[in-house]
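Please open the structure in the viewer and keep the sequence beside it. The tour begins at a single residue and then widens to the whole chain.

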Amino acid sequence: MTTQADIQWPLALIRESNDAAALFSRGLEAMRTMRHDYTDAVAVMSLLALGAEKMLKLTIGLVRRDQGTGWPSKDYMRQDVGHRILKADRIARPLLDTYPGIVPGLLVELKRQVNAGSVLPVALEALDRFGDAGRFYYLDVLASATQTQVAPQTLWSDMTTTIAESDPSLLADLASVERYDQGRQQLNDTMTAALTGWWDLYVAAWRTGAIGDEAKQYAREITLQESVP
């Protein structure tokens with residue numbers, strides 16, 4: 001007999017998957033059009049970090065269910081994984097090798113592209129630090145709490161500086177009054193492409209059964225919205 005829990009569980013998974021994709025999609029859209037880091041960085045990082053956290057935890061949970069151990073407990077997700085995007089990615093990404101999937105060649109190529117990029121590790125580190133300690137940085141300052149991390153705007157600035165310094169022509173454009181807009185758009189597009197490719201790797205793993213058959217049913221829900229290339 002179908003129980004209320006049997007009905008609620010897939011609906012909850014669909015809802016959480018939709019939310020993850022919507023948050024990350026909006027974050028990418030906002031990042032693509034950024035012009036003022038000081039005012040925009042927190043909004044962009046909030047959307048990206050929360051969307052990424054949800055997607056990674058969903059991936060971990062689906063693999064656990066496929067392996068017969070059941071969905072991880074709330075304490076595990078909150079305490080062991082937490083809001084650390086890098087930690088969650090380090091747990092989840094090896095799980096993409098659970099099965100070859102129905103299109104193994106596709107996953108091999110996507111993994112190669114993601115692993116070869118130099119921008120993604122910097123971006124994920126910034127989101128990791130933001131999710132773990134940067135979200136309430138100034139509220140903590142107001143509470144006179146000791147700060148062990150830098151301000152969110154500094155996290156973003158450190159990330160963009162690292163990316164720009166790896167490309168001399170981009171760095172030159174950003175330093176030029178005449179070419180700043182061109183350089184800024186290139187920087188935005190570079191970060192957007194790296195994060196989109198990373199997300200698409202997970203979607204492909206869901207869709208092709210690389211993390212189990214159940215995930216295939218929900219891959220559409222986790223797919224980035226079409227307005228984000």
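Select Val 103 to begin: this residue counts as partly exposed because its relative accessibility is 37%, where buried means under 20% relative accessible area, exposed over 50%, and partly exposed in between (1.4 Å probe, protein chains only). The model is predicted, so local features need pLDDT of at least 70 and side-chain atom pairs pLDDT 80 or more, whereas totals for chains, interfaces and linings use all residues. Residues are numbered from 1 along each chain as its sequence is written, and side-chain values use heavy atoms, leaving out hydrogens and water.

Helices here are DSSP runs of H or I with at least four residues, and strands are runs of E with at least two, numbered from the N terminus.

Now colour the whole protein by secondary structure. How many helices and strands does the protein have? There are 12 helices and zero strands.

Zoom out until every C-alpha atom is in view. Along the principal axes, these atoms fill a box of roughly 65 × 50 × 25 Å.

Finally, select the buried residues, which make up 42% of the 229 residues. Among contacts (heavy atoms within 4.5 Å) with a separation of 6 or more, 72% join residues 24 or more positions apart.
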